[in-house]
Each structure stands twice: as structure tokens, then as C-alpha cells.
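Welcome! Please take a look at the sequence and the model below, and then let us walk through them together.

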Amino acid sequence: MSEINNEILEIASRIKELREICDMTEEEVAERVGISVETYRDYENGKDDIPIGVIYGVARVLGVDSTALLTGSEARMIDYTVVRKNKGVSIERYPGYRFSSLAINYINRLMSPMIVTLKKDDEEPELVTHGGQEFNYVLTGKVAVTIGRKKIILEEGDSIYFNPTIPHGQRAVDGDATFLTVINE
């Protein structure tokens with residue numbers, strides 16, 4: 001089994017275990033997160049990748065920090081946390097899209113800063129939605145950002161701040177790319 005499938009299965013397993021500990025049904029969690037029961041079951045059974053917005057929503061419903069779902073351990077730092085170069089918790093959401101959390105160990109964080117690494121892809125990205133607000137700043141390469149029907153090309157040093165309740169996605173253009181994203185949910 002590939003590394004990505006193992007990561008998805010580990011997160012899905014943590015979600016199921018915590019849901020059962022909280023004595024909640026799949027239907028209750030799905031309703032409170034705002035997704036269909038069928039979609040929730042696919043996520044919980046590791047059949048489909050779980051969008052980060054859904055992970056945040058499930059964590060909120062289950063009363064845990066998203067760190068517990070992503071890593072299997074709780075955030076520990078109260079006043080500050082330091083993440084050294086290339087030492088953040090890194091998760092491959094799907095082939096060609098990997099993110100490294102830059103604040104995963106900070107308790108009660110209001111923002112989730114991450115470095116996203118994209119492999120060049122000619123396919124349109126799968127669009128996702130989540131609550132809050134989102135900021136992307138391109139560090140290397142070119143990134144095509146789709147927000148609803150709008151497509152915007154960002155180059156090194158460009159940024160975008162947007163409403164992530166609008167279906168959106170990013171993909172690398174003309175080679176690999178990296179960007180900083182900060183999500184306030």
C-alpha cells in the first residue's frame with residue numbers, strides 16, 4: 001500500500017476511534033460537519049482523501065485539536081512553538097499535493113499556516129471548501145488558483161486572500177511550485 005493511502009487510513013482510523021469514544025454516530029458527525037453521511041463514511045473508511053476543512057470540522061465536533069487527527073497526538077505548546085526547516089508534520093493529501101504544518105503543536109491555534117508543495121499537473125484541481133478565510137503566498141514557481149469560475153495565475157511573491165467557502169483549488173503551472181497558506185477557520 002502506498003504512503004498516501006497509509007496516511008489517509010491512519011487519519012480515518014483516528015476519526016472513527018474518536019467518534020466511537022465520543023459515543024456519536026456517523027450520521028451525527030456528518031450532519032454537524034455539514035456533509036452527507038455517504039461522504040463521511042467514505043472518509044472514515046479511508047476510501048477517499050479527507051479535505052483539510054473536513055478534518056478541522058470533525059476535530060471541532062469531536063472536541064479535539066486537528067493535531068490529534070493528523071498525527072495521533074495532542075498539541076502541547078501554549079506560549080509558542082518552533083518548527084525547524086523541513087521538520088514540520090508533512091502529509092501528502094493526494095499525489096502531487098503535500099503540505100507541512102508550521103504550527104501543529106500549538107494549542108488552540110486560530111490559524112493553520114502550512115507550506116504546500118505542488119508537482120506540475122495539467123489537470124484541473126479538485127475543488128474544496130471550508131470555513132474561515134485563506135491566504136496563499138507563492139514562494140517558488142507558478143500556481144494556478146481556481147476560485148469558483150475564476151482562474152488566477154500567481155507567480156513568486158504574489159499572494160491571494162479569499163473566502164474558502166467558495167469552491168477552490170490550486171495546481172502548479174510550468175513546473176513544481178511551493179506556497180505558504182494560512183487558513184483561519
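Grid points are joined across faces, edges and corners, and a volume is the space filled by probe spheres set on the points. The model is a predicted one, in which local features need pLDDT of at least 70 and side-chain atom pairs count only at pLDDT 80 or more, while totals for chains, interfaces and linings use all residues. Residues are numbered from 1 along each chain as its sequence is written, and side-chain values use heavy atoms, with hydrogens and water left out.

How many cavities of 30 Å³ or more are there? By this rule there are two. The largest cavity holds about 80 Å³ of space, and its lining is made of Ile8, Ile11, Asp49, Ile50, Ile52, Ile55, Ile91, Glu92, Arg93 and Phe99. Two or more of these lining residues come from each of α1 (3–21), α4 and β1 (89–94); such helices (H or I, at least four residues) and strands (E, at least two) are DSSP runs, numbered from the N terminus. Strand β1 gives the most, with three residues. Seven residues of this lining are nonpolar, none is polar and three are charged, where Ala, Val, Leu, Ile, Met, Phe, Trp, Tyr, Cys and Pro count as nonpolar, Asp, Glu, Lys and Arg as charged, and the others, Gly among them, as polar.

The second largest cavity has a volume of about 50 Å³. Among the residues lining it are Ile52, Tyr56, Ser66, Phe99, Arg109 and Met114. The elements α4, α5 (66–71), β2 (97–101) and β3 (111–118) each give two or more residues to this lining, which by class has six nonpolar, three polar and one charged.

Now for the open space. The largest pocket contains about 330 Å³. Of its 15 lining residues, Tyr56, Arg60, Asp65, Ser66 and Arg109 lie nearest its centre. Helix α4 gives the most to this lining, with three residues.

Met114, from the lining of the second largest cavity, lies in strand β3. Met114 is buried, with a relative accessible area of 4%; buried means under 20%, exposed over 50%, and partly exposed in between (1.4 Å probe, protein chains only). Not counting residues up to four places away in sequence, Met114 touches Tyr56, Phe99, Ser101 and Phe179, among others, a contact being heavy atoms within 4.5 Å. Thr178 is 64 residues from Met114 along the chain, and their C-alpha atoms are separated by 10 Å.

Finally, return to helix α4 (residues 52–62), which packs against helix α2 (residues 26–33) at an angle of about 120 degrees, with axes 9 Å apart. Axes are lines fitted to C-alpha atoms, for helices over the stretch in contact, and angles run from 0 to 180 degrees between N-to-C directions. At this contact, Val29, Arg32 and Val33 in α2 meet Val54, Gly57, Val58, Val61 and Leu62 in α4. Six of these residues are nonpolar, one is polar and one is charged.

Technical notes: On a 1 Å grid over the protein atoms alone, a cavity is a set of points where a 1.4 Å probe fits but cannot get out, and a pocket is an open set with protein on both sides within 12 Å along at least five of seven lines; lining residues have an atom within 4 Å of a point.
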